[in-house]
Amino acid sequence: MKLNSNIPSFKAMVKKSYFTKDEKDNNEYYNVYVFGIQSCGGKILTFHIMTDSGMLRSRVPISEIYTKIPTNDIPFNYKQLWDCFSENVSVIEYDFLAFHRAEVVLRDGTKVWATYILTVDWYDNPYSDEPSDYKCGHILESDDGYLLCMPNNRIFWKDSNWVTKNLPDDLKQFKVDTELITVENQSDRWVSEDTNSYYYDIHKANNI
């Protein structure tokens, strides 16, 4: 079980009211460094942060972290479409996606622009192990300063050099995966030679 993972640290802000639980502090922010995530199954993705006054906090929800003061904030359940699948989680910063811009479709169908940060990917749970349910979560910084955690099918990537065509109007034609194939389920038809040779041969079994 993983539960916690390091991430590339970045500067951000958290509302003072999150720490004080006092609504009068809604317009004040603490400067923080974000340096890790925690994934609990069935809950919002949370982060480990340290304030510039030396306070260390864990389990700060993604909905409470900002890279700048937002002018058009959105509800917490718009920022992450699905709860975390599991405590088993991996983190990767895909080089290919680094700094890529994207249009993100929110829960109500509205679109916001955002920039890629990193990806969290869950494993060893009933949802991730079922091909039609599998989802990873891309963490993006919206242009308004709040963070997003969204699956592949809610993100429309832009690249001035590569993405030069429009998607078809009929997006319903694209279907979810239904299986994750294995090459070894055909092993009853093929066998390797029974020797200690490093460069062994593989041939069809004689009984088929």
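β1 and β8 each put at least two residues into the lining of the second largest pocket. Strands here are DSSP runs of E with at least two residues, helices are runs of H or I with at least four, and both are numbered from the N terminus. A pocket is an open set of points on a 1 Å grid over the protein atoms alone, where a 1.4 Å probe fits and protein lies on both sides within 12 Å along at least five of seven lines; lining residues have an atom within 4 Å of a point. The model is predicted, with local features needing pLDDT of at least 70 and side-chain atom pairs counting only at pLDDT 80 or more, while totals for chains, interfaces and linings use all residues. Residues are numbered from 1 along each chain as its sequence is written, and side-chain values use heavy atoms, leaving out hydrogens and water.

Let's stay with that pocket for a moment. It holds about 180 Å³ of space, a volume being the space filled by probe spheres set on the points, which are joined across faces, edges and corners. P8, S9, F10, E93, A98, F99, T115, Y116, I117, L118 and E141 line it, and β8 gives the most, with four residues.

Now follow β8 (residues 111-122) itself. Strands count as paired if DSSP finds at least two bridges between them. Strand β6 (residues 89-92) runs antiparallel to β8 and is joined to it by four bridges, with V91 partnered by V120. Five bridges tie strand β7 (residues 101-105) to β8, again antiparallel, and A102 sits opposite A114. The hairpin of β7 and β8 has five residues between the strands, and in it G109 takes a positive phi near 95°. Strand β9 (residues 136-142) pairs with β8 in the antiparallel sense over seven bridges, where Y116 has L140 as its bridge partner.

Over to β1, and an open sheet of five strands in the order β4-β3-β2-β1-β5, with antiparallel pairing. Its edges are β4 (56-61) and β5 (65-66), each pairing on one side only. Nine bridges join β1 (residues 4-15) to β2 (residues 29-38), and K11 stands opposite Y33. Between β2 and β3 (residues 46-51) there are six bridges, with Q38 facing T46.

What about the inside? The largest nonpolar core has 25 residues, and V34, L45, F47, I49 and I65 have the most contacts within it. Such a core is a set of buried Ala, Val, Leu, Ile, Met, Phe, Trp, Tyr and Cys residues joined through side-chain atoms within 4.5 Å. At least two core residues come from each of β1, α1 (16-20), β2, β3, β8 and β10 (147-150). I65 touches (heavy atoms within 4.5 Å) a list of residues including A12, V34, F47, Y146 and L147, leaving aside residues up to four places away in sequence. Apart from this core lies another, of 13 residues, among them Y66, I74, Y146 and I155.

Last stop: the largest pocket, with about 1,200 Å³ of space. Of its 30 lining residues, N152, N153, I155, F156 and L167 are closest to its centre. Strand β11 (residues 155-158) gives the largest share of this lining, four residues.

Terms used:
Buried means under 20% relative accessible area, exposed over 50%, partly exposed in between (1.4 Å probe, protein chains only).
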